[in-house]
Every structure is written in structure tokens, then in C-alpha cells.
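Here is a short report on one protein chain. Keep the sequence and the 3D view side by side as you read.

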Amino acid sequence: MSNFEQQKAKFRTQAGFIAALDQSGGSTPKALKLYGIAESEYSGEAQMMDLIHAMRTRIITSPSFNGERILGAILFENTMDRAILGRPTAEYLWEVKKVVPILKVDKGIEAEANGVQRMKPMPGLDKLLDRARAKGIFGTKMRSVIKQANPDGIRAVVDQQFEVARQIIAAGLVPIIEPEVDIHCPDKAAAEDLLKAEITRQLDQLPEGQLVMLKLTLPERDNLYADLIAHPKVLKVVALSGGYSREEANTRLARQKGMVASFSRALTEGLSAQQSEQEFDAALDQAIESIYQASKT
């Protein structure tokens, strides 16, 4: 069985969650600050990216970070192009840790229009996908944001997501479609109902045998996404923490049958550059276990 088929089977059959380690240029300073490294401690993007890679390396090489509880890890392009203990990151994740490597491919989001923020153009996507496939990447992730329960805006977001998803599927990868509903959306439940209808419409149009994953905000109505979880074109439905604390995100997630976590900030909450290795590993193990248990429902 090829690595790709083994990885697909892992998503189908194993309990666990996705570790989102894909902070990019815009969100990296905040991630470093939460990790205990102030902006005054580095100068320029190159040094910033070295520091965030060191943080990710510390997470990935921790004994608690492995494929027993973690299904996959989402990487930023810069992380994919670097190495972990002398091995390309994607190779290290799968061959050493048995964690499926996934790549963030979007280039950020546009300004808000019709209550949503669509993805910016991705002119070099085909070349990036070819490079990702050659490096052993299994799938991709791309994010849009929904701020209002606007039917036209939500349809535009979902249409764009699936248009790009078809391009990713054609390149031999499995796309994670992430139309995030902002947790501060004034009518979040209505936005989620509209989103579910638009995703279902697009899923029903996908050709037989094509698969996507969905990354969705934890919903206001429990088990809203049960039909999407059961849909034959969906490999996995994962949840983003969306600004909720780890405790709140885990509590909400535990109520969603069949939905698993794909947490970023909630995963690294409580980790610090100042911790000893023993303290760091213990804190990470506690975080992983709490998210794993919430994802098992």
C-alpha cells in the first residue's frame, strides 16, 4: 500500500486529531508572543521564521507528539521546505512520527465584502502542489472567513473553495476546505445553516471517488454537521478552535459526534520557550490528551 493510501486509511479508521502548525507571516508574531518570545527579541522575517521553526521542531520532536493520538499536522510552506533533525519536515512527520503531513496553500484573505472574506488569488498553486506532492504531502488546507449570515457572500466563499479544491484533487492531493465562521458573527447559527446548505450542494456535484475534508467552526447547534460527516465525498470533518480557549473548544467539540479537532492556538496554549524540556513535554502531553479525548466522541 502506498504512503498516500496508508494515510487515507489512517484518517478513515483511527481516532485522533489534526495539529495545526501553520502560522504564516501575519500570525507568526502573535504565536511567538504567546510562546514567550517578544518582537523585541528578533529582527526581520528570516530570524522570525527561524524562531517559529524552532518552536515547531520542539513540538514535533516531543515524545508526546506522535501518530497514536495525532492524525495529521498542517504546515506552512516555509516549514515544509525546512528539515526536522536533518530530514525534510514531511518525511520526518510520516516516517518517524506516523503523522500525516498537510500543507496550507492559501495566500491570505481579501478585505470583507458581502459579509465574508474570500481567499486571495493563488497564481502559483499548480507549481506548489507539484512540489508538495514530491515532498510527500498528503493534503492541503485553505481558509476563508464568514463574518455575517449573508447568503450571497457565503455562496461565493463556498464556490471559490470548491473551485480551488477541484484543482487540488486533480494534482493528486486531498483538500481541506475551511470556510471559517467567525465566532463573533452576530447571527452565527444562521450563517452555519447557510454554510451547510452550500457545502452540501457542492459535495453533491463532486464526481464519484473524489474526496475532500472540511474544517469548520464549532457550531452553535450540536451535531449540525452530522450529514456532512456521513457524506461519501467527505474523508473527515475537523473543527477549528476559532478563538475559543482550549477548555471551551474541547467542551464544544466533545458534543459533536464524529467531528475531530484541528486546533492551532488551543494546542499550543500554555507552552513557553522558557519551560524546561520536562515542563514543555508535560504541558504538551496534557494538551494533546485533552484534545484527543474531546475528539474521540
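## Burial and the model

A residue counts as buried when its relative accessible area is under 20%. Phenylalanine 138 has a relative accessible area of 0%, so it is buried. Keep in mind that this is a predicted model.

## An aromatic cluster

Which residues do ring pairs link into a cluster? They are Phe4, Phe11 and Phe138. The structure holds two aromatic pairs. In one, the rings of phenylalanine 4 and phenylalanine 138 have centres 4.9 Å apart. Their planes meet at 35°, so this pair is tilted. Phenylalanine 4 belongs to helix α1 (residues 3-13), while phenylalanine 138 sits in the loop between α6 (125-134) and β7. The two parts are 134 residues apart in sequence, so the pair ties them together.

Phenylalanine 11 and phenylalanine 138 form a stacked pair. The distance is 5.6 Å centre to centre, with 25° between the planes. This pair also links distant parts of the chain: phenylalanine 11 lies in helix α1, and phenylalanine 138, in the loop between α6 and β7, is 127 residues apart from it. Phenylalanine 11 has 0% relative accessibility, so it counts as buried.

## Arginines over rings

Arginine 133 lies over the face of its ring, 5.7 Å from the ring centre. Elsewhere, arginine 58 lies over the face of phenylalanine 280, at 4.1 Å from the ring centre.

Is strand β8 enclosed or open? Eight of the eight residues of β8 (residues 174-181) are buried, so the rest of the structure largely encloses this strand. Both faces are covered. One side carries Val174, Ile176, Glu178 and Glu180, all buried.

β8 has strand partners. Strand β7 (residues 139-146) pairs with β8 in the parallel sense, over eight bridges. Here serine 144 stands opposite proline 179 of β8. Strand β9 (residues 212-217) also runs parallel to β8, joined by two bridges. In that pairing, isoleucine 177 stands opposite leucine 214 of β9.

## Crossovers and helix α8

How does the chain cross from β8 to β9? The path goes through helix α8 (residues 188-205), and this β-α-β crossover is right-handed. β7, helix α7 (residues 151-170) and β8 also make a right-handed β-α-β unit.

Check the length of α8. At 1.5 Å a residue, its 18 residues should span 26 Å. The end C-alpha atoms are 26 Å apart, which agrees. Helix α8 has several buried residues, among them Lys188, Ala191, Glu192, Leu195 and Ile199. Lys196, Glu198, Gln202 and Leu203 are buried too. An α-helix has 3.6 residues a turn, so residues three or four places apart point the same way.

## Aspartate 106

Aspartate 106 is in the loop between β5 (100-104) and β6 (116-117). At 7% relative accessibility, this aspartate counts as buried.

Which backbone nitrogens does its side chain reach? One is that of glycine 108, which lies 3.0 Å from a polar atom of the aspartate 106 side chain. Another is the backbone nitrogen of arginine 143, reached at 3.1 Å.

How values were computed
Residues are numbered from 1 along each chain as its sequence is written. This is a predicted model: local features need pLDDT of at least 70, side-chain atom pairs count only at pLDDT 80 or more; totals for chains, interfaces and linings use all residues. Side-chain values use heavy atoms; hydrogens and water are left out. Buried means under 20% relative accessible area, exposed over 50%, partly exposed in between (1.4 Å probe, protein chains only). Helices (H or I, at least four residues) and strands (E, at least two) are DSSP runs, numbered from the N terminus. Two strands pair if DSSP finds at least two bridges between them. A crossover is right-handed if, with the strands pointing away from the viewer, the path from the first strand over the helix to the second runs clockwise. The expected span of a helix is 1.5 Å times one less than its number of residues. Rings of Phe, Tyr and Trp (its six-membered ring) pair if their centres lie within 6.5 Å; planes under 30 degrees apart count as stacked, over 60 as edge-to-face and the rest as tilted. A charge sits over a ring if NZ of Lys or CZ of Arg is within 6 Å of the ring centre and within 35 degrees of the ring normal. A polar contact is a pair of N or O atoms within 3.5 Å; within protein, one must be able to donate a hydrogen and the other to accept it, and residues adjacent in sequence count only if both atoms are side-chain atoms.
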